[in-house]
Amino acid sequence: MSKVKQERKKVAQLQEIEKTIQELWESKKAFESDARDDNKPKYLVTFPFPYMNGRMHLGHTFSASKCEFAAGFQRLQGKQVLFPFGFHCTGMPIKACADKLKREMEDFGYPPKFPEDVEVEVKEEVSALDELMKDKSKGKKSKLVAKTGNAKYQWQIMKSLGLDDEEIRKFADPNHWLYYFPPHCMADLKKMGLKADWRRAFITTDVNPYFDSFVRWQFNLLRAAKKIDFGKRYTIYSPKDGQPCMDHDRASGEGVGPQEYTMIKLKVLDPKPAALAHIKEDIFLVAATLRPETMYGQTNCYLHPDIQYSVFYATEAENQVFVATARSARIMSYQGLTKVNGVVRYVPGLEKISGSKILGAALSAPLAKYTKVYALPMLTIKDDKGTGVVTSVPSDSPDDFAALSDLKKKKPLREKYGLTDEMVLPFDPTPIIRIEGLGDLAAVEMCARLKIESQNEKDKLEEAKKEVYLKGFYDGVMLIGKYAGKKTADVKKVIQDDLIVEGLATKYVEPEKKVVSRSGDECVVALCDQWYLNYGELEWKAAAKKVLEPMRTFNDETRRGLETTVDWLHEYACSRSYGLGTKLPWDTQYLIESLSDSTIYNAYYTVSHLLQQGAFDGSVVGPAGIKAEQMTDASWSYVFLGEVYDSKTMPVEEEKLKKLRKEFMYWYPIDMRASGKDLVGNHLTYLLFNHAAIWPEDSSKWPKGIRANGHLLLNNEKMSKSTGNFMTLEEAIEKFSADGMRLSLADAGDGLEDANFVYAMADAAILRLFTMIEWIKEMIEQRGSLRKDSSRFADRVFANEMNSLIKITEQNYEATNFKEALKTGFFEYQAIRDTYRELCAGIDEPMSEALVFRFIETQMIILSPICPHIAEYIWQLLGKDGLIINAPWPATDEVDEKLALGARFITESMAEFRARLKTYLTPKKKVTKELLQIPTEAVIYVAKQFPPWQKTILDILESQAKANNGSLPDNKTISQLIGKEESLKKFAKKAMPFVQMIKERFEQKGVSALSSTSPIDQTAILNENIDVIMNALDLDRVSIRHTDEEGVDANVVETTVPLVPCMSFLPNRPSVNLIARNVQICNGMFDVVVPIVDGDTVQMIVRKLRRISKAIKPKFEVTLWRYKDAVWGDRKVISCNAPFEENIQLDDSNVFHLEAEDKITLTTSDGQKVDVGRTIVYKANVPEQQ
C-alpha cells in the first residue's frame, strides 16, 4: 500500500472515531449549558460571529479555536462553561451579491453566458504613503473581496463554491443566503467538535424579530444617553445620482473608502504671476498632504507645467481664491469649502490655466523656516490624485529631493520655465525629523544609497519612499517646532489641528481610489447627513478606558492597541441606507450598520435559547413562551438592566422575564472574547464603549477579557483564493481529520504575530495521534504483564515529571498559550513516557501498571481541550465513568525538586558517560580493530564538594550574583576579584578556565550552579541506577568511588566536580566463553555464547544474556541451570516432558570462577565448588501471575 493511501486510511479511522464521539456528545447534550442555582463558577467565552456570505475558512477557525480550547480547559476546571455561536448577516455584502446575481441574469440570461473577451482591470498605482495612511479601523479589504479570488462575476464566485446553476439562481434573493450558509457553517463546526450550545444560535437582521427588537432597544438606550448624534460625515457620494454611493451602486471601486488629507494653504505673495495679478482676494495654492508634520521642511511647492489648473472662489464668504485641479475643486465643493454645496464658482477666464503660467510664483509656506518659497516644476505630478499642487519637503521626500536636485543641476531646465537662480539655488533640505539608521535627512541619505540621479528613476524612488515613509511614520522623532523630541506618529494629528485652527490648512477628503457609480459618474467624497456614534466624546472615552483598565488582554500589544484606538477613535457612522439589518427605531429610512449591531449581542446569547430555540430566524417561539412583540424596550430593560416590573410597558408575565434575567445574571459578563487582531481597531474597541454606555454604573457586566491573535498563514504564505493557497474548514477536516486539524491549529501560534498552519505538521499530527491510540490499545491488552509496584527510581521520576508537566500545562492553558500547552501537555508529556519506557527496558523490567494508566488517563484529560474526540474515545475504552470533557483536571502531588534534580543528574551523567565511551572507542592513535577492546568494566568517580580553591571562587561568584540581581559580571571584573584573594595565587592559571566552566553552567542552570556542595546524594542515585548504566554502556561491572578517597588520581580529583561524575574504563579481565543453551520446547531461543570473567555472579550472567540475545524480552524472567554431569550432561538427549531433569537451578548467590586451563567452576550457596563444564542452560519465559 502506498504511503499516501496509508495516511488516508489513518485519517479515515480518526474520522470514524470522531463521528462516533460526536454522536455520543449529541445524545448526552454535552454542550448545552444553563444557569445554575448553586455556586458553581461559570465561564462565558465568545467569538465574533462570522459573516454569512460563504463557508467558514481556516482563518475563521483559527480564531474560533482559541475560544474552543479555552472552553474545553475551563470545563476541566470545574466551571459551568457556555460557548454560544451566532451568524452575522447584517450589512451590504449579501444584498450587493444578490443584486449582482439579479443583474447578471438580466444582462447575460439564465444561465448567464458571459463574454469571453473580459477586459483586464488596470491596476491602480498605490504609493508607499497611501498604504501607511490607510484608515486602520477598516479591514485590508472587504469581506466579499477577500473571498472571491480572481472571479469577475458573482455567478462565477458562486460556482467556485460548488453550487449548480439552479441553486445559484436562488441566491438572487438575499434572504436565501440567510437560510443556506448558517446551517452549513453549523454542520462544519459540529464536525470540528466545537463545544457550542447550538440552542442559542441565531441570525441577525430584521428577519429575526427577537434580535431585531434587542438591537432597537440597544440603540434607543444609546440615543437616550446622548451617545448618538446626527450630522454631516464624509462618505463616497455620486453627484449625478444625488446620494451616497455604496458598494452595490458602484461600477468600479468596491470597498474603497474616504482618505483624509491635510490641505496646506500656500499664500501667493506679491508680485503675483501676471495671470493672477488682477485678483483682489488672497490667493492660495492648496496642496493635499498626508504628512502635516513635515511642513517644517518646505523649500518650495511643485506644479506640473502642462496640467490644467482651475482658479476658484473658496469659503462661504468667497473671500479667498484657491488654485487646484478642476477634479479636486469639484470634490471640495461637496465638503463645505465653497459658498454653494456642489457648485464651483471659477474666477472668470481662469476655469483652466496651465501650470506653467503660475511657475515662479512667490509663496508663504506654513511652518517653513524660509519666509518665501517658489512654485517650481515637477513632471511626475498627476491630476487624478490630490489637488495637483505638491508641497516640497526634500529632507524627507525622495521625490521632492530628486526634482529639486534636477533643477539645481540643470540651468537649461530652470531657463526653460523662466526660473531665476534665486528661486532654486538657495533652498537646501532642512533637518526636521531624525530616523534611526537614516539620520536627519532621510530622503537625501536614501537617494545617495540608491544612487538616484534623476526624478525619472521611478522604481528606485519608490523603493526609497517605502523605506523613508515606513520608518519616518512610526519611528521618526521631531527635531524642530514646539513638538521637538516627540514621535511623528504621536504629533501628526496635533500638528494638523494646529494648522487648521490657525487658518493655515483645512481638511480635504477624497476617495482612496477612483470610484465610478453605475450611472457612469466619477464619485467624490461629500459631507452627508448621517447618524453617528460619538466615540470622540471625551467623557465616553474615559468610561471606555475605565472598562479596559481591569480587563485581561492576555498580552501587552492588545492592551496598547485598544488604548490607542480609544484615544484616536472619533465619530463613527452607524447608519446605512442599503443592505440588510435592523432599521433605526426613530428614523426607519436608515439601517444600523454591521459593526454597530454587534457590540453587546453577547448579552443576547444568554437568553436566545429561551426566546427562539429551534429556529435561527426566531420564527418559532422558544421555551420561555414569549412572542417577539412582547419584548418591548421595557421588557429588555427588565432582563438586562434590572428595571422594576411594570405590566403596562412589559406585556409578558414577570415569571417569564425572571427566567431570562436569571440566565443573564448568571452568565454575564463575558469572561473571554477572542478575535483576530484586525478587530482591535474597531469591533473590540466598540465593545468597550458600548458596555460602558449600556451598563455605566454596573462594572460587574463589563467584559473581563479580550484576546486577540494574528492571522493564519498556510504553509508560510498568506491565505488567498486567487493563488489557490486557501482552505475551508470543511476541507481541512476532510484532509486532516478534526483532531489532526485542531492539534495543528494549536501548534500554529498564539500571539499577535501571524501564525502558520503547516500541512506537513498536520500530517505528522495524524501519525502521532494514530500511534498514540495504537500504543494505548496495546497497553490495555497487556495490562496483566505490567509491573505491579511503582518503587523504582525510574517510577518515582516518571510520576514526579507527570506532576510537574500537568502543573505547567495547566498554567499554559490558563494563560491561553495553547501552543505551549500542546508542547508541555503532549509533546513533552509523550517524551517523558518514552524516556520512562527506555529506562525500564534498561533494567529489564516492565513498566509500572499504575503509572502507565495514570499517564494514559492524565494524558487524555490534559489533551482533551485540543483533541477531544480521541481523548473521549480512549476514556470510553478505559471504561471510565461519564464524559472526559466533564472530568476534573488531574490532581497532583507537590513536585519533588530534589528528585527532579536527581533525574537531571542521572540523565546528564548518562550523556557524559556515553561521550566518554565514544572517546575511549575512538582513540587519537590508530588502533586495529582486533586490538581495540570494548570495555566491560568501569569506575565512576563522584565529588561530594569542590576543592577548597574552587569553593573560594564559587563563593566570590555567588556574592557577585546576589549583588548584580542574579547575573555575573564580566571576566575582567571576576579576574580582579580573584587576584585579591591570597589563597588563590598559586591557582592563578587554573582560576579563569574554572570560572568560564562555571559561567557556562550558570547560563544553563542558574544560581544552583554556584553551590559548592551537591544538594543530592549522587552515590545513592548512581547505585539505584547501576543496572541502567551497565545495560546502556554494555558493561558487566561498575564501581563507584569518591574523589576524597586515598589513591584517586590527582587529575581526576581536579576535574571532577559535584553533579558531574567522571567515568573511567578499566582494562578487560581475562574471560572464557561459556555456552548458554535453551532447552525449552518450541520457543525460538537458541545457544548464546557468553564470556565468563572470574567473580561473575548469576545476575551478571543473566544481564550478559539479555544484552547478547534480543530474543529475551524485558518481560521475561530468566533463570540459569547447570548440568548435574558437567562433562556429559550437555550431550544427553533432552526429554520433551521434562527438559530440565538433567539440570540443577542456580541461585543468585552462586559465583563463577576461572581455574587453570580455562576451567569454569561455581561456588554454591553452601560454599562448595563444583565444575560447570562448557555449557549451562537458561530458561526465559513470562512469569506466572500470582
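By class, how many nonpolar, polar and charged residues does the lining of the second largest pocket have? Hold that question for a moment. First, a reminder: this is a predicted model.

Now the answer. The lining has 16 nonpolar residues, 9 polar ones and 14 charged ones. In total, 39 residues line this pocket. Its volume is about 930 Å³. Look at the centre. The residues nearest to it are Ile843, Asp844, Glu845, Arg1106 and Phe1116.

Where does the lining come from? Four elements each give at least two residues: helix H25 (793–814), helix H34 (1026–1033), helix H36 (1098–1108) and strand E34 (1117–1123). H36 supplies the largest share, with 5 residues.

Next stop, helix H16. It spans residues 538–548. Which of its residues are buried? They are Trp540, Lys541, Ala544, Val547 and Leu548. These five lie on the same side of H16, because they cover an arc of only 115° around the axis. Turn to the face pointing away from that buried side. There you find Leu538, Glu539 and Lys546, which are exposed.

So what covers the buried residues of H16? The cover includes helix H9 (209–224), strand E19 (524–534), helix H17 (556–568) and helix H21 (683–694).

Last stop, a hairpin. Strand E36 covers residues 1151–1154, and strand E37 covers residues 1160–1163. The two run antiparallel, joined by 4 bridges. Take Phe1152: its bridge partner in E37 is Leu1162. Between the strands sit 5 residues. In this hairpin, Glu1157 takes a positive phi near 60°.

Definitions and conventions:
Residues numbered from 1 in each chain as written. Predicted model: local features only at pLDDT ≥ 70, side-chain atom pairs only at ≥ 80, totals over all residues. Heavy atoms only, no water. Buried < 20%, exposed > 50% of the residue type's maximum accessible area, 1.4 Å probe, protein only. Arc of directions from axis to C-beta. Contact = heavy atoms within 4.5 Å. 1 Å grid on protein atoms, 1.4 Å probe; cavity = no way out; pocket = protein on both sides within 12 Å on 5 of 7 lines; lining within 4 Å. Points joined across faces, edges and corners; volume = space filled by probe spheres on them. Nonpolar A, V, L, I, M, F, W, Y, C, P; charged D, E, K, R; others polar. Pairing = 2+ DSSP bridges.
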